[in-house]
Amino acid sequence: MATNLLDFDAQQMTDWFAEQGEKPFRARQVLRWIHKSGESDFSAMTDLAASLRDKLQRDACITAPTVVREELSSDGTRKWLLNVGTGNAIETVFIPEAERGTLCISTQAGCALDCSFCSTGKQGFNRNLSVSEIIGQLWWANRQMGKDADGLWPVSNVVLMGMGEPLLNFNNTVSALRLMLDDHAYGLSRRRVTLSTSGIVPAMDRLRDECPVALAVSLHAPNNALRDVLVPINKKYPLDLLMAACQRYLEKAPRDFITFEYVMLRGVNDSVQLAYELIELVRDVPCKLNLIPFNPFPQTHYQRSDKDTIQRFRDVLMQADIVTTTRKTRGDDIDAACGQLAGQVQDKTKRTHRLMGARP
Ligand code: SAH
Ligand code: SF4
């Protein structure tokens, strides 16, 4: 079977070329063709010897997941549904803003962690995405939208906030991150790539050591009793361990703060008293708080906190000198907002059955 070169970061590409008896600079040339030029046709790689082009055409390929559907929101947000085989689809979202273009990408088909307010979690877990499926989302989105007049790709920032828990697909996620950062691929600065995690403590340490990028941590509650309910992985990695891991991460992080995400659920985690508890919790961690108005989806019993409640919660944090922003909801007319990404995942955990009270 042909080897998919979209599965390789720079080192892996060099290793593969070495196995073929080719020099490292050939690997670099091909890497640039694929990621910098968005090329998928070996015959167009004109600075390679004809014999190498023929060989690549025979033994290799450049294959991203295929797009099943594209949707465009009235606010310019785009969503792509990508087929990743065996009945699974994942979603990628592009959010254009004046100064940047942010791509929100997925790292797993489904998610095993089952946070109670998350549509992806409700589908259960199917499998980890491969490197080509993760980086392929960026590769595809850039190609689809095309370079601007200055020759720049439209995606300037990447957030790993789509479907799945990136730190539970560690190796493939890190290879994809390395490509995002590599000057011969996308050349994004570490500050422009943000990984969001529900708090997988040991993997946060590994990320810090192997490939630190900007970090967002999904907090959602200031105490263990409530967080156990909202983010069940909290039972394994409770808040004291999580806060300590954040401190350690900051030693090597490209930014000097952690972003804490806090979804605003009406009557659940949005009281002034909890805002005070939150201030205590994060007291020793340099951070910014990002409040995310809850985005509803069909099978949920949660509701979004109202505007005034969110504002009041924010005011309390701001008075304690914690920089707090409220995330603008983008693309909700095409179900592209945070936590609404559903794709269609074949649930290997049969969670949907359990939820419906049926036997798996
Ligand atoms: N698994 C990772 C990254 C993907 S989720 C994580 O949990 O951090 C990205 C963000 O969307 C997380 O902060 C998550 O808590 C939030 N989110 C999930 N469901 C949501 C919903 N229905 N409304 C608003 N935000 C949601
Ligand atoms: Fe998984 Fe993140 Fe959704 Fe939780 S919020 S179920 S970790 S994707």
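I looked up Lys288 and Phe257 first. The charged end of Lys288 sits over the Phe257 ring, 4.3 Å from the ring centre. I count a charge as over a ring if NZ of Lys or CZ of Arg is within 6 Å of the ring centre and within 35 degrees of the ring normal. Lys147 does likewise with Trp153: its charged end is over that ring, 4.8 Å from the centre.

A note on the source: this is a predicted model, where local features need pLDDT of at least 70 and side-chain atom pairs count only at pLDDT 80 or more, while totals for chains, interfaces and linings use all residues. Residues are numbered from 1 along each chain as its sequence is written, chains are lettered from A and ligands numbered from 1 in the order written, and side-chain values use heavy atoms, without hydrogens or water.

**Aromatic pairs**

I paired rings of Phe, Tyr and Trp (its six-membered ring) with centres within 6.5 Å; planes under 30 degrees apart are stacked, over 60 edge-to-face, the rest tilted. The count is 5 aromatic pairs. Phe8 and Trp16 are tilted, because their centres are 6.3 Å apart and their planes stand at 40 degrees. Both Phe8 and Trp16 are buried (under 20% relative accessible area; exposed is over 50%, partly exposed in between, with a 1.4 Å probe and protein chains only). Phe8, Trp16 and Phe17 make up one aromatic cluster.

Tyr262 and Phe313 are another tilted pair, 5.1 Å centre to centre with 35 degrees between planes. Tyr262 is in strand β12 (residues 258–264) and Phe313 in helix α11 (residues 307–319), so the pair ties together parts 51 residues apart in sequence. I took helices (H or I, at least four residues) and strands (E, at least two) as DSSP runs, numbered from the N terminus. Tyr262 is buried at 0% relative accessible area. Phe313 is buried too, at 1%.

**Ligand 1**

A polar side-chain atom of His220 is 2.6 Å from a ligand oxygen. For Ser196, a side-chain N or O atom is 2.7 Å from an oxygen of ligand 1. A polar backbone atom of Gly164 is 3.0 Å from a ligand nitrogen. The protein covers 95% of the 530 Å² of accessible area that ligand 1 has on its own (Shrake-Rupley method, 1.4 Å probe).

**Whole protein**

I found 12 helices and 14 strands. Of the 360 residues, 54% count as buried.

How values were computed. A polar contact is a pair of N or O atoms within 3.5 Å; within protein, one must be able to donate a hydrogen and the other to accept it, and residues adjacent in sequence count only if both atoms are side-chain atoms.
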